[in-house]
Amino acid sequence: MTDNTLPSRSHRLEPDSSRKKRGIAIFLRDLLIIFVVALLISFLIKTFLVRSFYIPSGSMESTLLVNDRIIVNQLEPDLIPVSRGDVVVFRDPGGWLPPQAPIEQNPIVAALDWTLSVVGLSAPDSNDHLIKRVIGLPGDHVVCCNTLGQMSVNDIPLNEPYVLLPVGQTSVSKDAFDVVVPKNSLWVMGDNRYDSLDSRYHPTAPGKGFVPLDNVVGRALVISWPLNRWSWLDDYPEVFRGVEDAEE
């Protein structure tokens, strides 16, 4: 008679210490994977969608204050067209900013700043960018000022509630100008009109005061810090509602 029963198999029990070590290794591996994926997603969002900048000067007061942090939508202008009234961040067209001395940081702080910049939580290049409000689009005729101290775009005078003026001043610009915005360019101005080195004051720069659309990083959407100033940034469409697009 044959024995059809299966031979018994011996099982070696794994010590508790080995199971714990393997569990810790798996946990650390999964944690590393989650971290790398999160870092990659943050990098892609920062590169293609939104990123953070801080405000280094008072040229946009009282809309934006020094050291405010803002979130910028980078889909504008590549996928979403720029509109009059938008607050935009742009790279220096040339001659707007003085040469920047390199910032010295110890290696630990520099590494942390670089890591935060990758995910869009730090903006070490803020001093290489500018932020202003778009007043004129390509082809627009922008003139200042009429007898009421107003600026006009395509012969439509503007009532600008966002402009900060010194006490006693009624004109929205202390210097007169009359310009037509070139193709693929913008005319931009700071809300703090008497303390903003904007398009008015760079006639001898490479762009002659106009900002190429290619230099626009994106539109500022929201003040994200400090928390007591958290708010969406208004583009004041009612200010420009009567302005018709110019023929380029």
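**Close-up views of a predicted model**

**Figure 1. F177 is buried in this predicted model, with a relative accessibility of 10%.** The value counts as buried because the cut-off is under 20% relative accessible area. A search of the whole structure finds five aromatic pairs. In one of them, the ring centres of F177 and W187 are 5.1 Å apart and the ring planes meet at 35°, so the pair is tilted.

Figure 2. W187 has a relative accessible area of 2% and is buried. W187 is in strand β9, whereas F210 is in the loop between β9 and β10 (211-212), so the pair ties together parts 23 residues apart in sequence. F210 is buried, at a relative accessible area of 10%. Taken together, F177, W187 and F210 make up one aromatic cluster.

**Figure 3. A charged side chain meets an aromatic ring at R133 and Y162.** The charged end of R133 sits over the Y162 ring, at 4.1 Å from the ring centre.

**Figure 4. UniProt lists S59 and K132 under "active site" in an unreviewed entry.** S59 is placed in the loop between β1 and β2, and K132 in strand β4 (residues 129-136). Both are on the buried side of the cut-off: S59 has a relative accessibility of 8%, and K132 has 4%.

**Figure 5. The surroundings of S59 include K132 and G190.** Leaving aside neighbours within four places in sequence, S59 is in contact with I131, K132, G190, D191, N192, D195 and S196. S59 counts as buried at 8% relative accessibility.

**Figure 6. The surroundings of K132 include S59 and M60.** Not counting residues up to four places away in sequence, K132 touches S59, M60, D86, V87, V88, F90, V188, M189, G190, S196, L197 and D198. Among these, S59 is joined to K132 by the side-chain polar contact of 3.0 Å.

**Figure 7. H202 is a buried residue, at 8% relative accessibility.** H202 is found in the loop between β9 and β10. A polar atom of the H202 side chain lies 3.3 Å from the backbone oxygen of L197. Apart from its neighbours within four places in sequence, H202 is in contact with G95, W96, L197, K208 and G209. L197 is also among the residues that K132 touches.

**Figure 8. A cis peptide bond joins E61 and S62.** The omega angle of this bond is about 5°. S62 is found in the loop between β1 (50-54) and β2 (69-73). S59 has its place in the loop between β1 and β2 as well.

**Figure 9. A cis peptide bond joins W225 and P226.** For this bond, omega is about 0°. P226 is placed in the loop between β11 (216-225) and β12 (231-232).

**Figure 10. N154 has a positive phi, near 50°, in a residue other than glycine.** N154 lies in the loop between β6 (151-153) and β7 (156-157). With a relative accessible area of 18%, N154 is buried.

**Figure 11. D155 has a positive phi, near 70°, in a residue other than glycine.** D155 is found in the loop between β6 and β7, where N154 also has its place. D155 is exposed, with a relative accessible area of 64%, whereas N154 is buried at 18%. The label for D155 applies because exposed means over 50% relative accessible area.

How values were computed
Residues numbered from 1 in each chain as written. Predicted model: local features only at pLDDT ≥ 70, side-chain atom pairs only at ≥ 80, totals over all residues. Heavy atoms only, no water. Phe/Tyr/Trp six-rings, centres within 6.5 Å; stacked < 30°, edge-to-face > 60°. Buried < 20%, exposed > 50% of the residue type's maximum accessible area, 1.4 Å probe, protein only. Helix = DSSP H or I, 4+ residues; strand = E, 2+ residues; numbered from the N terminus. Lys NZ or Arg CZ within 6 Å of the ring centre and 35° of its normal. Polar contact = N/O pair within 3.5 Å; in protein donor to acceptor, adjacent residues only side chain to side chain. Contact = heavy atoms within 4.5 Å. UniProt positions renumbered as here; feature names shortened; annotations may be inferred.
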